[in-house]
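Welcome! Please take a look at the sequence and the 3D structure below before reading on.

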Amino acid sequence: MKALRWIVILLLFGFVVGWLITRAQPLPADALDRLTGDSARGQNIFAAAGCASCHTAPDDASGLLSGGQVFATAFGSFVAPNISPNPDQGIGNWTDLELASAIVNGTSPQGSHYYPAFPYSAYNKAEMQDVVDLIAHLRSLPASDVPSQPHDVGFPFNIRRSIGGWKLLFTRKDWVLQDAATSQLSRGRYLVEALGHCAECHTARNVLGGLQRDLWMAGAPNPSGEGRIPNITPAGLLWSEDEIASYLKSGFTPDFDTAGGEMAAVIRNTSQLSDDDLAAIAAYLKAIPGIEE
C-alpha cells in the first residue's frame with residue numbers, strides 16, 4: 001500500500017507539473033511599453049509576413065481579411081480565421097497585447113493555444129516594434145463581418161493543451177543560419193526565418209509536425225497531396241541571386257515560366273518588398289547549406 005501511495009503521489013505530481021508547463025503563456029504585461037505602432041511601416045511587415053495569403057478568402061479580390069481558406073494537413077484541416085478589425089467577428093476588440101501574444105506566442109485572448117498552422121514558431125523571432133507596427137496596420141484595414149469557421153481536427157489533435165507540449169519541443173528562438181556575417185545576410189535571415197516563415201512550407205516535418213531543421217529548406221511533401229514543395233537550398237535552386245530576386249519581384253522564372261499555386265500568392269506579397277529586401281532574401285538562400293533531396 002505504501003508503494004501504491006507513492007506511485008499515486010508521483011503521478012499527481014507529474015500531472016500538475018505537466019499542466020503547468022503546457023499552459024498557454026501570453027506576453028508580459030509590459031512587453032509593449034514605450035512602443036508606438038506605425039501603420040505605414042506596418043504595411044511592409046504585413047507584406048513580408050504574408051498575412052493576406054492565408055487570411056483572404058479564396059477567390060476574394062476585395063482584400064478583406066475575412067479568413068476561410070482551408071489548409072489540409074496530416075493532423076486535420078485548419079481554417080484561417082477572420083483577422084479584420086471587426087469587433088465581433090475579427091480582432092477589433094482585442095488589445096494590442098492580446099494581438100502580440102497571439103502573433104509571437106500562439107496564445108489566444110482566452111488563454112488557450114493556437115494550432116501551429118499559425119506560424120508563431122517563426123514570428124516569435126520578430127522584433128516587437130515590427131509586431132506593433134503590424135498591429136497598427138491591421139487596425140487600419142477594412143472590417144469584415146464574416147464569422148470564422150471551426151477547424152476540422154480529430155482526437156487527439158483537438159486537445160489544445162497538448163499544443164503546449166508541442167511548443168516546448170519545437171518552438172525555438174535561435175536562428176538556423178547562425179553566422180550572418182553581413183548586414184544583408186542578417187536582414188535576409190530575418191525576412192526568411194522570422195517574418196516570411198518560408199520554412200513552414202519548404203522544410204520537411206517529423207511525425208509530430210515539427211520542422212526537421214537538418215533538412216532546412218530542402219523541400220517537403222505538399223500537405224494537399226499534390227506534388228512536392230521544392231528544395232530551395234543551393235543544391236536544389238540553381239538560380240543566381242539576381243534571378244531569385246527578380247522571381248520574387250515579378251513571378252517570372254529565368255525560363256520565363258510563372259509562379260503558380262500558393263507561390264503566386266507569396267509573390268503578391270514579396271513583390272511589395274524593396275529591392276534591397278529581395279536581394280537580402282536571395283543572399284540568404286545562397287548562404288544556407290545545400291542539401292540534396
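Here is a short tour of this structure, which is a predicted model.

## Two domains

The protein chain splits into domain 1, covering residues 34-170, and domain 2, covering residues 183-287. Where they touch, domain 1 contributes 23 residues to the contact and domain 2 contributes 22 residues.

## The nonpolar cores

Next, look inside. The largest nonpolar core holds 48 residues, and M217, I281, Y284 and L285 have the most contacts inside it.

## A closer look at M217

M217 deserves a stop of its own. You can find M217 in the loop between α9 (199-202) and β3 (220-221). Is M217 buried or exposed? Its relative accessibility is 0%, so M217 counts as buried. Setting aside neighbours within four places in sequence, M217 is in contact with a list of residues that includes V192, C198, A199, H202, P230, I232, Y284 and I288. The backbone has a feature to notice as well: M217 is not a glycine, yet its phi is positive, at about 65°.

## Helices α10 and α11

Now turn to a pair of helices. Helix α10 spans residues 241-250 and helix α11 spans residues 262-270; they pack at an angle of about 95°, and their axes are 6 Å apart. An angle from 65 to 115 degrees counts as roughly perpendicular, and α10 and α11 are therefore roughly perpendicular to each other.

Which residues of α10 and α11 make the contact? On the α10 side they are Y247, L248 and S250, while α11 brings M263, I267 and T270. Sorted by class, the contact of α10 with α11 has four nonpolar residues, two polar residues and no charged ones.

## The loop at F256

Between α10 and α11 runs a loop, and F256 lies in it. F256 has a positive phi too, near 65°, in a residue other than glycine. With a relative accessible area of 70%, F256 is exposed, whereas M217 is buried.

How values were computed. Residues are numbered from 1 along each chain as its sequence is written. This is a predicted model: local features need pLDDT of at least 70, side-chain atom pairs count only at pLDDT 80 or more; totals for chains, interfaces and linings use all residues. Side-chain values use heavy atoms; hydrogens and water are left out. Axes are lines fitted to C-alpha atoms, for helices over the stretch in contact, and angles run from 0 to 180 degrees between N-to-C directions. Helices (H or I, at least four residues) and strands (E, at least two) are DSSP runs, numbered from the N terminus. Angles under 35 degrees count as roughly parallel, over 145 as roughly antiparallel, 65 to 115 as roughly perpendicular and the rest as oblique. Contact means heavy atoms within 4.5 Å. Ala, Val, Leu, Ile, Met, Phe, Trp, Tyr, Cys and Pro count as nonpolar, Asp, Glu, Lys and Arg as charged, and the others, Gly among them, as polar. A nonpolar core is a set of buried Ala, Val, Leu, Ile, Met, Phe, Trp, Tyr and Cys residues joined through side-chain atoms within 4.5 Å. Buried means under 20% relative accessible area, exposed over 50%, partly exposed in between (1.4 Å probe, protein chains only). Domain bounds come from an automatic or database domain assignment.
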